[in-house]
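Subject: Structure for you to look at

Hello,

Please find below the structure I promised to pass on. My notes on what was found in it follow.

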Amino acid sequence: MNIITTTDQLARACDALLQAEHVAVDTEFMRETVYWPALCLIQAAGGDTEVIIDPLAEGIDLEPFWELMVDERVMKVFHAARQDLEIFYNLGDGLIPAPMFDSQVAAMAIGLGDSIAYDNLVQTLLKRPVDKGSRFTDWSRRPLSDNQLTYAMADVTHLRDMYPIMRERLERKNRTAWVEDEMAILTSPDTYRMDPEDSWKRLKLRKTHPKWLAALRAAAAWREREAQTRDMPRQRVMKDDALYEIATLAPTEEGQMQGLRAVPKGFERSRPAERLYADMKAAMANPEAYAPKVEKPAPTPQGIGPTIELLKVYLKLVADEAGVASRLIATAPDLEKIACSDTPDVPAMRGWRREVFGEPAMGLKRGEIALVLEDGKVAARPVGDKGK
């Protein structure tokens, strides 16, 4: 097994991988006790080259690997890539691999289920068993065991071998563009930017008046900066429930924090609390300007429920006929907006989704398409079409 521990070895390995049409990539990392995922291992396989890269090796420079990841001559193949890409974006100074293919997304497009597990995908396409025994081991400890290395290497050799099969099935079904549309979202830098000022979006909004929203935004931004600076999970800095309590009081000095049940005892006298007070004071200087602009959701029109249910049935019909996961086509919020609006701005009304589902769904709403039972099965027919 080729284990890379020096920059020279890595450069030679990446030169060899550049000769392949596609390179399968996977990572092992630890993130339970940190904010920034700790990269512990990189695996890559392309053609006859199979390597394990040790990013924790003393003195190794990952620059040759980053160059490989952005070389457009080689397709980079991942499975459930989002966390891998988040790591690469942060460590590689905004780097995102291109071009890229995600086998989990492709599996949905060719009809292998919604978010299929990797081992099930390998079994389905390659008829190979996958040993998951080392999945939850400590990848930061050295030396790594033979079982860990074997498990890590198998992840990308299977992926390398599955890619041509999946690509051929996509082309046969004329759905390559479906996956490419998803890759555009997955590879967008906006997906991985972590601006503390936007961290309020992770929270459920319990109120909508400007002062509370401004205080919640300030508290959430403070927590995100603390988590990033101290490299610890945001929930270990402060629980969500505590942020809601803080937003209600909008404390700008120590005495205002006493008695909050979800805030750790003694926190109000700490250095992090001082930074929170300063941030809150700045936000409260002009809460209307600082508060995020949140539109109150329009009330669901009376009697719209049956329309939403009808759209759900139609979505299931379209997904079954196409042999894809319904979640890949439209979500429940998409259906609600389609039911309520004649010009819904939702993903289901853009690109291939509009052609496959969105436009026909609007036709169903307008009464141009009817759902009927034929031989005990639901079918869609133009109004006036007698069917068989």
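Helices here are DSSP runs of H or I with at least four residues, and strands are runs of E with at least two, numbered from the N terminus.

Before going on, two remarks on the source. The model is predicted, so local features need pLDDT of at least 70 and side-chain atom pairs count only at pLDDT 80 or more, while totals for chains, interfaces and linings use all residues. Residues are numbered from 1 along each chain as its sequence is written, and side-chain values use heavy atoms, with hydrogens and water left out.

Helix H6

H6 covers residues 146-172, and its 27 residues should span 39 Å at 1.5 Å a residue, which agrees with the 40 Å between its end C-alpha atoms. The expected span is 1.5 Å times one less than the number of residues. H6 has a kink of about 30° at methionine 162, shortly before proline 164; the bend is the angle between axes fitted to the seven residues ending at a residue and the seven starting there.

Arginine 172 and glutamate 168 form a salt bridge, 2.8 Å from N to O. A salt bridge requires a side-chain nitrogen of Lys or Arg within 4 Å of a carboxyl oxygen of Asp or Glu. Because these two residues are four apart in H6, about one helical turn separates arginine 172 from glutamate 168. The whole structure has 27 salt bridges.

Domains 1 and 3

The chain is divided into domain 1 (3-191), domain 2 (196-290) and domain 3 (304-382), with bounds from an automatic or database domain assignment. Twelve residues of domain 1 and nine residues of domain 3 take part in the contact between domain 1 and domain 3 (heavy atoms within 4.5 Å). The C-alpha centres of these two domains are 35 Å apart.

About 920 Å² is buried between domain 1 and domain 3, with 57% given by carbon and sulfur atoms. Buried area is the accessible area (1.4 Å probe) that two parts lose on being put together, summed over both. Met108, Trp178 and Glu182 supply 55% of what domain 1 buries against domain 3, more than any other three residues.

One salt bridge is counted between domain 1 and domain 3. Arginine 353 and glutamate 182 also form a salt bridge, with their closest N and O atoms 2.2 Å apart.

Regards
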